[in-house]
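Please open the structure in your viewer and keep the selection tool at hand. The tour goes from the whole chain to single residues.

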Amino acid sequence: MALSFDFPDNPSFLGDDVIEGVWDDPGFGQYFTDHMSVASWTVEEGWHNDRLTDYAQISMEPASAVYHYAQEIFEGLKAYRHADGSVWLFRPEANAKRFENSAHRLALPALPAEDFITSVRQLTALDARWVPGGAEQSLYLRPFMMASENFLGVRPAHSVLYVVIASPVGSYFAGGVAPVDIWISTEYSRVATGGTGSAKCGGNYAASLLPQELAYAQGCSQVLFVDAASKRWIEELGGMNFFMITADDELVTPELNGNILPGVTRDSLLTVAPDLGLKPIERPISLEEVTTGITTGAIRELFACGTAAVITPIRSLKNESGEYIIDVDKATHTIPLRNHLLDIQYGRIADSHGWMQQVC
Ligand SMILES: *Cc1c(COP(=O)(O)O)cnc(C)c1O
């Protein structure tokens with residue numbers, strides 16, 4: 001039977017003044033709404049006890065498997081307030097599908113897509129007053145699932161907890177979209193072939209933190225990972241997919257080879273590319289092609305993309321052997337692409353791909 005994530009009988013809410021205070025400067029992932037969606041799973045009962053409750057601490061014993069073996073996955077999607085006050089989700093079924101795939105790889109139980117979407121819709125509806133209406137503001141939704149069985153043996157847990165929390169977020173770029181410098185990590189890898197690269201799991205992020213710190217130390221704000229075996233092929237950033245635009249108006253991104261997270265933003269950009277005069281191409285991209293292409297002018301623009309920041313233009317790639325700088329003032333496609341996706345998400349242009357789903 002489908003889960004319903006019913007509203008609590010007497011939901012409690014923080015005052016409007018609290019929300020208004022947050023809206024002035026929400027940042028990213030710092031504040032959380034009044035409620036959360038929760039459901040439990042056990043081998044015996046399957047999914048059960050689905051509900052909306054107050055946002056509060058989760059109580060788990062120290063022996064809970066997730067603390068020891070990191071059997072955990074998550075998702076990230078946003079709810080947008082349109083000019084008429086209505087609230088919409090962007091492609092939630094794509095996140096639901098990916099969550100199922102991630103669950104499979106981490107040996108967690110599948111949460112049916114329908115239940116995933118209900119959990120997100122119900123929380124968004126109950127806490128709709130938290131969805132901000134400012135420029136590039138939204139409500140970021142974070143579904144996650146973790147092993148909750150008290151057992152130190154190594155096997156997939158027999159009990160699991162699913163939670164969705166929500167956080168009002170502002171524009172990723174406080175002072176307008178700013179191009180970033182990227183450090184190419186060849187010393188450390190994010191994932192390897194046969195690993196968890198195409199699953200959205202916390203463990204991948206844990207593995208990316210040290211190389212990310214090293215990127216900061218080099219004056220860069222993000223790290224770009226290449227394949228672990230040959231160090232030759234570009235994969236993605238720690239939490240964003242990688243794109244380049246060629247002088248021939250091709251929009252190129254590495255093909256999904258099992259090591260790359262299949263981003264919803266990535267897929268959406270490939271889909272809208274022809275509407276903006278770009279030819280979408282998925283194929284392997286070597287580091288050498290990019291560094292040479294920047295130098296010769298064959299590659300005009302680079303950017304990273306993901307739900308949080310939509311599109312982040314890349315100004316330069318750096319590694320031990322040098323720095324390769326894009327002339328960002330000559331970039332003509334990156335910002336129109338970014339605006340096009342935002343226009344769909346905020347209901348300013350027609351949703352010709354049927355991506356938006358109204359909540360309230
Ligand atoms: C979530 C994520 C992305 C971006 O995916 P979107 O669905 O576009 O937000 C890219 N890379 C990694 C590693 C991710 O976890």
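What follows is a list of stops, each with something to select.

This is a predicted model, in which local features need pLDDT of at least 70 and side-chain atom pairs count only at pLDDT 80 or more, while totals for chains, interfaces and linings use all residues. Residues are numbered from 1 along each chain as its sequence is written, and side-chain values use heavy atoms, with hydrogens and water left out.

**Whole chain**

Begin with everything selected and coloured by secondary structure. The chain has eight helices and 17 strands (DSSP runs numbered from the N terminus, helices being H or I of at least four residues and strands E of at least two). Its radius of gyration is 21 Å, close to the 21 Å that the globule rule gives for 360 residues, so the chain is as compact as a globular protein of that length. That radius is taken over C-alpha atoms, and the rule is 2.2 Å times the number of residues to the power 0.38. Along the principal axes, the C-alpha atoms fill a box of roughly 65 × 50 × 35 Å. Of the 360 residues, 52% are buried (buried means under 20% relative accessible area, exposed over 50%, partly exposed in between, with a 1.4 Å probe and protein chains only).

Select Asp-34, in the loop between α1 and β1. Asp-34 is buried, with a relative accessible area of 9%.

Which residue forms a salt bridge with Asp-34? Select Arg-129: the closest N and O atoms of this pair are 3.1 Å apart (a salt bridge is a side-chain nitrogen of Lys or Arg within 4 Å of a carboxyl oxygen of Asp or Glu). Arg-129 lies in the loop between α4 (113-126) and β6 (138-147), so the pair ties together parts that are 95 residues apart in sequence. Arg-129 is partly exposed, at 27% relative accessibility.

The structure holds 14 salt bridges. For another, select Arg-98 and Glu-75, whose closest N and O atoms are 2.8 Å apart. Arg-98 is in helix α3 (residues 92-105) and Glu-75 in the loop between β3 (72-74) and β4 (77-81), 23 residues apart. Both residues are buried.

Next, select helix α6 (residues 264-272), where seven of nine residues are buried. Among them are Val-264, Arg-266 and Leu-270. Arg-266 meets Glu-282 in a salt bridge of 2.8 Å, N to O. Glu-282 lies in strand β13 (residues 279-282), so this pair ties together parts 16 residues apart in sequence. Arg-266 has 3% relative accessibility and counts as buried, whereas Glu-282, at 43%, counts as partly exposed.

**Surface patches**

Switch to a surface view and select Asp-17, Glu-20, Asp-24 and Asp-25, which gather in a patch of negative charge. Patches consist of residues with over 30% relative accessible area and no salt bridge, like charges being joined within 9 Å and nonpolar side chains (Val, Leu, Ile, Met, Phe, Trp, Tyr) within 5 Å. Is Asp-25 buried or exposed? At 57% relative accessibility, Asp-25 counts as exposed, and this residue sits in the loop between α1 (16-24) and β1 (35-42).

For the last stop, select Tyr-69, Leu-152 and Val-154, a nonpolar surface patch with about 330 Å² of accessible area together (by the Shrake-Rupley method with a 1.4 Å probe). Tyr-69 belongs to helix α2 (residues 65-69) and is partly exposed, at 40% relative accessibility.

Methods:
Lys, Arg positive; Asp, Glu negative; His and termini not counted. Charge placed at Lys NZ, Arg CZ, Asp CG, Glu CD.
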